[in-house]
Each structure stands twice: as structure tokens, then as C-alpha cells.
Amino acid sequence: MKRRSLPVAAALAATAALLLTACGGGDDKSSDNDKIAGADQASKKPSKSAEPAGAAKDKPDGVDVSLSKDMNLVFDWDKPKAKNEAAAMDDAANYLRAIYRGVDKRTAEDAAVAAYSTGEGLHYAQVQINEWIKGGWTGTGTRRHFDVTTRSTTNGNSVEVAFCSDASKFYGKEVKTGKVLKTEASPKDFGYYRIIMVKFPTSDDLWQASKVFVETKAAKCQ
């Protein structure tokens, strides 16, 4: 077995770490009868820069979430019938796109991050993006998200979006050299995520990530 050089090993750690650190603390176990964690999280109003005029395929809610061509996020998700849950699920995907866009654009202050996250969800996104920036890496390849489920609070203002992620074909790439740091697939590539989405007070369509909980090396996703 080849020994990885330190830069490759570090890049692997960064790639696996993106969206693989629980934010919010507390017991990560849940049941259908549990109160959704973070349901009372207040939403922070997006900045003016997060609300450009016009709409396009890559601009849901008027916010650009487009990524570079070599960074592919796949969402094999079936939409729920409930309108709120469907909208929250869409914006949970946009939250992930916003994080990777921040990695791609080398900034944790991108308008998409501000638009699709609030509170601890915003802090989490910024920490993840900054780790990639510090390491001198961006991402490349395909990251697949699947087996999604949703559940909402009785007042309909908070929705938990839970899903699996497969990053076995997603790699770190050195920004300066363009070198792709490929690694063998491992259990570290699979995670189970719960993102708590809260409705933005003045919009029926915009939802923001307020908390993120993650189970690493998730056997249920392998």
C-alpha cells in the first residue's frame, strides 16, 4: 500500500471534513416524536447583496448558487408532497451548493451563504469553507446525496431534512497547481446528515439552515 504524502493526507482530511462536523451539540439521536432541534432558531435577514434582481436556472430566490463545471453535486431526492417540506428540501440543497460555491470562490462571505443559512448554520458553513481556503484546496468530482427524508414541526416553520452523502468520487484539488488529490474510497466518504431548515419570516419560499448534525462513517449510507 502506498504511503500518502502529507499534503494528500491533509487534503483528504479536509475533503472528508466538509459537512462532516456536527454543529449545535447535544444528543444526535432522534425519533419521529422528538422535537426538532433548532426549531426555535431565529432567522437572520439576508444582506442586500444576497438579493440580486432577476432569476435564472442557477439563481433560485435570485441568489447565484452556480458552481465550476468540475464540481458536481447530485441530489437523488424525491420531493415530498407537503409544500413546506418540499421548499425546505430544495433550500437544504441550495445550502450545500452555497458552501461549495464558497469553497470554489475562496470566500465564506458569498451572498449564497448569507441567503441560505442563519445562526449556527451560518457559522458552520463559514468554518467549513475557511478550512478549505486555509489548506489551499478547492473541490472537484461528484458528490451524491440520497435517501432523503423530511419532517416538520406542527407550526410548519421548521423542517428537518435528513439524507446520506457519498463523497467517494469527490476530491481535493490544489488551487495553485491544479493537482487533483485522488484517494481510495473509504467509510469516511459516507455521512448521514440532519439539517434543520427554518422559514425566513418575510418569505413563503426561502428557507435557511439553522443547525447541522452529522453522523460520520455512517453504516446506513454505505
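Cys 164 stands opposite Tyr 192 in strand S5. This is a predicted model, with residues numbered from 1 along each chain as its sequence is written. Local features need pLDDT of at least 70 and side-chain atom pairs count only at pLDDT 80 or more, while totals for chains, interfaces and linings use all residues, and side-chain values use heavy atoms, with hydrogens and water left out.

**Strands around S5**

Two strands pair if DSSP finds at least two bridges between them. S3 and S5 run antiparallel and are joined by nine bridges. S5 is also joined to strand S6 (residues 207-216) by nine bridges, again in an antiparallel arrangement.

Accessibility is given as relative accessible area, with a 1.4 Å probe and protein chains only: buried means under 20%, exposed over 50%, and partly exposed in between. Nine of the ten residues of S5 are buried, so this strand is largely enclosed by the rest of the structure.

**The disulfide**

A disulfide is a pair of cysteine sulfur atoms within 2.5 Å. A search of the whole structure finds one. The partners are Cys 164 and Cys 221, with sulfur atoms 2.0 Å apart. The torsion about their S-S bond is about -70°, so the disulfide is left-handed. Cys 164 belongs to strand S3 and Cys 221 to the segment after S6, so the pair ties together parts that are 57 residues apart in sequence. Cys 164 is buried at 2% relative accessibility, and Cys 221 is buried at 4%.

**Aromatic pairs and charges over rings**

A pair of aromatic rings is described by the distance of the centres and the angle of the planes. Rings of Phe, Tyr and Trp (its six-membered ring) pair if their centres lie within 6.5 Å; planes under 30 degrees apart count as stacked, over 60 as edge-to-face and the rest as tilted.

Phe 163 lies in strand S3 (residues 158-174) and Tyr 193 in strand S5, so their pair ties together parts that are 30 residues apart in sequence. Phe 163 is buried at 2% relative accessibility, and Tyr 193 is buried at 3%. Phe 75 and Trp 77 are both buried as well. Ring pairs link Phe 75, Trp 77, Phe 163 and Tyr 193 into a cluster.

A charge sits over a ring if NZ of Lys or CZ of Arg is within 6 Å of the ring centre and within 35 degrees of the ring normal. The charged end of Arg 144 sits over the ring of Phe 146, 4.3 Å from its centre. Arg 194 lies over the face of Phe 213, at 4.9 Å from the ring centre.

**Nonpolar cores**

In soluble globular proteins, nonpolar side chains tend to be buried together. A nonpolar core is a set of buried Ala, Val, Leu, Ile, Met, Phe, Trp, Tyr and Cys residues joined through side-chain atoms within 4.5 Å. The largest core has 44 residues, and those with the most contacts inside it include Trp 77, Tyr 95, Phe 163 and Ile 195. Strand S1 (71-76), H2, H3, helix H4 (119-135), S2, S3, S5 and S6 each supply at least two residues of this core. H2 gives the largest share, eleven residues.

Contact means heavy atoms within 4.5 Å. Leaving aside neighbours within four places in sequence, Tyr 95 is in contact with residues including Tyr 116, Tyr 124, Ile 195 and Val 212. Another core, of seven residues, lies apart from the largest one and has Phe 146, Phe 190, Tyr 192 and Cys 221 among its members.

**Loops and backbone**

Arg 106 is in the loop between helix H2 (83-105) and helix H3 (111-116). The phi of Arg 106 is near 65°, a positive value in a residue other than glycine. Arg 106 is partly exposed, at 26% relative accessible area. Asp 147, in strand S2 (residues 137-152), also has a positive phi, near 50°.

Ser 186 is found in the loop between strand S4 (180-181) and strand S5 (190-199). With 24% relative accessibility, Ser 186 counts as partly exposed. The C-alpha atoms of Ser 186 and Ser 168 are separated by 7.2 Å, and the two residues are 18 apart along the chain.

Technical notes: Helices (H or I, at least four residues) and strands (E, at least two) are DSSP runs, numbered from the N terminus.
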